[in-house]
Amino acid sequence: MTLTAGTSQLTDKLGVDIDPELLSLALTHRSYAYEHGHLPHNERLEFLGDSVLGQAVTVLLYTRHPELEEGSLAKRRASVVSTVALAEVARGIGLGEYLKLGRGEDQTGGRDKDSILADTMEAVIGATYLSAGPDAATGLVHRLVEPLLADPDRYGAAVDPKTSLQELAARLGMTPPVYSVTASGPDHDRLFTATVTVGDSSTTGTGTSKKHAEMAAALKLWHALSERD
């Protein structure tokens, strides 16, 4: 797949026209940039996209839910803009296959790491803002987060997946979740991998901290076990 063909497929999935050079930049992880002579990478676009995402979700929740108090609105916003939730959105559009990663990052599963997927999703939102303007960027955010907003159970799971998984396991009459965590990489760039097991079911998640790795694993298993509930 050529880069042009790949980004064309991605813009079709996103439903918005994004300048090809900006989209390519949004998909460029710092590991790739460093391996190719310190090229520009997506962290500035990520910074912009984070702000656009937060504003779009805040306004959407405020206008859609006049009955909710500030605390409830904040909780729902946190669930939608969390790393775990954004990674879920990114997987839904197959974003991982379009990433430009360094060899080491690619070989260690970078295309499915929550942190990389979430950061890239924000960078794509930032690229949309610069290419097509604030209305198009807001529309993209709404389309991306709508599946999360349409499923109230996901609010609790995305904000506190470990508690949600524990409650679900109890409801299903299963043993409580058991976690194990390993770490790899240098001290300045540690990657944590958590495995969570409930009964005969288990899954793994990764993150830049033990907490985030456990949360990622818990949310994946919560989704899998929810089908039995």
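A pocket here is an open set of points on a 1 Å grid over the protein atoms alone, with protein on both sides within 12 Å along at least five of seven lines. A cavity, by contrast, is a set of points where a 1.4 Å probe fits but cannot get out. A volume is the space filled by probe spheres set on the points, with grid points joined across faces, edges and corners. On those terms, the largest pocket has a volume of about 450 Å³.

This is a predicted model, in which local features need pLDDT of at least 70, side-chain atom pairs count only at pLDDT 80 or more, and totals for chains, interfaces and linings use all residues. Residues are numbered from 1 along each chain as its sequence is written, and side-chain values use heavy atoms, with hydrogens and water left out.

**Largest pocket**

- The lining holds 22 residues; a lining residue has an atom within 4 Å of a point.
- His-29, Arg-30, Glu-105, Lys-113 and Asp-189 lie nearest the pocket centre.
- Helices α3 (30-35), α4 (43-64), α7 (103-107) and α8 each supply at least two lining residues. Helices (H or I, at least four residues) and strands (E, at least two) are DSSP runs, numbered from the N terminus.
- Helix α8 gives the most, with four residues.
- By class, the lining has four nonpolar, ten polar and eight charged residues. Ala, Val, Leu, Ile, Met, Phe, Trp, Tyr, Cys and Pro count as nonpolar, Asp, Glu, Lys and Arg as charged, and the others, Gly among them, as polar.
- Rolling a probe the size of a water molecule over the atoms shows where empty space is left.

**Helix packing around α8**

- The axes of α6 (residues 83-92) and α8 (residues 114-132) come within 8 Å and cross at roughly 75°. Axes are lines fitted to C-alpha atoms, for helices over the stretch in contact, and angles run from 0 to 180 degrees between N-to-C directions.
- α6 and α8 are therefore roughly perpendicular to each other. That label covers 65 to 115 degrees; angles under 35 count as roughly parallel, over 145 as roughly antiparallel, and the rest as oblique.
- On the α6 side, the contact uses Thr-83, Val-84, Leu-86, Ala-87, Val-89, Ala-90 and Arg-91. The α8 side brings Asp-114, Ser-115, Leu-117, Ala-118, Met-121 and Glu-122. Contact means heavy atoms within 4.5 Å.
- The α6 contact with α8 has eight nonpolar, two polar and three charged residues.
- α4 and α8 pack at an angle of about 80°, their axes 6 Å apart. This pair, α4 and α8, is therefore roughly perpendicular too.
- From α4, the contact takes Leu-45, Glu-46, Leu-48, Gly-49, Asp-50, Val-52 and Leu-53. From α8 come Asp-119, Glu-122, Ala-123, Ile-125, Gly-126, Ala-127, Tyr-129 and Leu-130.
- The residues of the α4 contact with α8 divide into nine nonpolar, two polar and four charged.

**Buried positions**

- Leu-53 is found in helix α4 and is buried, with a relative accessible area of 2%. Buried means under 20% relative accessible area, exposed over 50%, partly exposed in between (1.4 Å probe, protein chains only).
- Leaving aside neighbours within four places in sequence, Leu-53 contacts Val-81, Leu-86, Glu-122, Ile-125 and Val-141.
- The C-alpha atoms of Leu-53 and Ala-137 are 84 residues apart along the chain and separated by 8.4 Å.
- Ala-26, in helix α2 (residues 20-26), counts as buried at 0% relative accessibility.
- Beyond four places in sequence, Ala-26 is in contact with Asn-42, Leu-45, Thr-120, Ala-123, Val-124 and Ala-127.
- Thr-11 sits in helix α1 (residues 3-14) and is buried at 14% relative accessible area. Not counting residues up to four places away, Thr-11 touches Val-16, Ile-18 and Leu-23.

**Exposed and partly exposed positions**

- His-38 is found in the loop between α3 and α4 and is exposed, with a relative accessible area of 62%.
- His-38 has a positive phi of about 55° although it is not a glycine. Most residues other than glycine have a negative phi.
- Ala-224 lies in helix α12 (residues 210-226) and is partly exposed, at 40% relative accessible area.
- The C-alpha atoms of Ala-224 and Arg-30, 194 residues apart along the chain, are separated by 32 Å.

**Strand β3**

- Thr-206 is found in strand β3 (residues 201-207).
- Thr-206 and Ser-115 are 91 residues apart in sequence and 8.2 Å apart in space, C-alpha to C-alpha.
- Not counting residues up to four places away in sequence, Thr-206 touches residues including Asp-112, Lys-113, Asp-114, Phe-192 and His-212.
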